[in-house]
Amino acid sequence: MGRIDKQLRSDLDAIRDAGLWRGLRQVESAQAARITIEGRDWINFSSNDYLGLASHPALGQAAREALEQFGTGSGASRLICGSTQTHHELEAALAQWQGTEAALVFSSGFAAAQGVLTSLLGQGDVVILDKKAHASMIDAAKLSGATLRVFRHNDLENLEKRLQWAAEQGGRVLLATESVFSMDGDCAPLAEMVELKERYGAWLMLDEAHAVGLHGPFGQGLAAADGLAGRIEIRMGTLGKAVGAAGGFICGSGSLIELLVNKARSFIFSTAPSPAVSAAARAGVELIQGAEGDSLRQQLWQRVEELRRGVESLGWRTPAGPSAILPLIVGEEAKALAMMGQLHEAGFFIPAIRYPTVARNEARLRVTTTTGHTGEDVAALLDAVATIR
Ligand SMILES: *Cc1c(COP(=O)(O)O)cnc(C)c1O
């Protein structure tokens, strides 16, 4: 064993000893409520493919047509020669859906967050993040060079203090948070936050990764559901969750998008997404806004309610606000792993979420409901959870 490997082995042992080791599992089927992993069939309560669009025929058809016309690769960054018609059409559809002047697509939501924060902020500016904000925003904030301040999760008083302090620093101030929190399933108090950021002259960047497709009129997201979309400077989403494809997007003013095209390094120095993926995403965005989207959402919320009521009656706490994410918070990492193992034995694929995705000793099973789940699936999961308790 080489010297490097020896050191890496000892790093890995430390990770294992802390109950934090992670490994990849090979999935041998399409994403759906039922999946095959390593030769075994599971009921899948782990996916963010909330509306089942990742294996929807309309998206497949759109991808195949784009594949025929444009091939598999984009060939270059958008600014070199990779700005394919499919990307422009997707961006027009996103801007129309979200009611903004413009939109820009990135290769992932992670890249979108990087692009925004590093383009808009630098030394002398302040970025204020919710304690539970996604890693993509934390890393981007650090990379931007701006001063990073964190406020307690959804705590408006604490946020106001940070905004007050930031306003005195003289630079730009950007507040960034999620609308539906990815690991807790609770929602940000958006109306109050918008009031606050306006009072202190800050900008707001809202990550709607787990809300677009699910919440609000036409699945526009939580900001639209609360009638606040027009007051939020930067709206971010992913095309990889409810939209059923891959990529990330930013919606906002024409000048915001133009600035990102000129400054966002994760956009400029990265090959454009595959045309087929963008075509699939556009089909997903259109489907979400139509009658089928409405009926999928209705179906989803019905299952979500059944599961929520069920786990509450078993004595678990559930998040405030409507969300398809239901964390069963266990605490200790080892306990969460044991519980995951028991659910695996019962045939349910549900991940134990541990540090650093959540804080230490806040390990949990993160259950996500999708439209592919039947009432029987939910009932069977509740039976399994009940025996574990
Ligand atoms: C998944 C996620 C992202 C990243 O989006 P990708 O398209 O998967 O890179 C960003 N923010 C939140 C809150 C997420 O859950």
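**Exercise 1.** Is R231 buried, partly exposed or exposed, and what is its relative accessibility?

*Solution.* The model is predicted, so local features require pLDDT of at least 70 and side-chain atom pairs pLDDT 80 or more, whereas totals for chains, interfaces and linings use all residues. Residues are numbered from 1 along each chain as its sequence is written, and side-chain values use heavy atoms, without hydrogens and water.

Step 1. Buried means under 20% relative accessible area, exposed over 50%, and partly exposed in between (1.4 Å probe, protein chains only).

Step 2. R231 has 33% relative accessibility and is therefore partly exposed.

**Exercise 2.** Identify the salt-bridge partner of R231 and locate both residues.

*Solution.* Step 1. A salt bridge places a side-chain nitrogen of Lys or Arg within 4 Å of a carboxyl oxygen of Asp or Glu. R231 pairs with E195, with the closest N and O atoms 3.3 Å apart.

Step 1. The pair links distant parts of the chain, 36 residues apart: R231 lies in the loop between α9 (222-225) and β8 (234-238), and E195 in helix α8 (residues 190-199). Helices (H or I, at least four residues) and strands (E, at least two) are DSSP runs numbered from the N terminus.

Step 2. E195, at 43% relative accessibility, is partly exposed.
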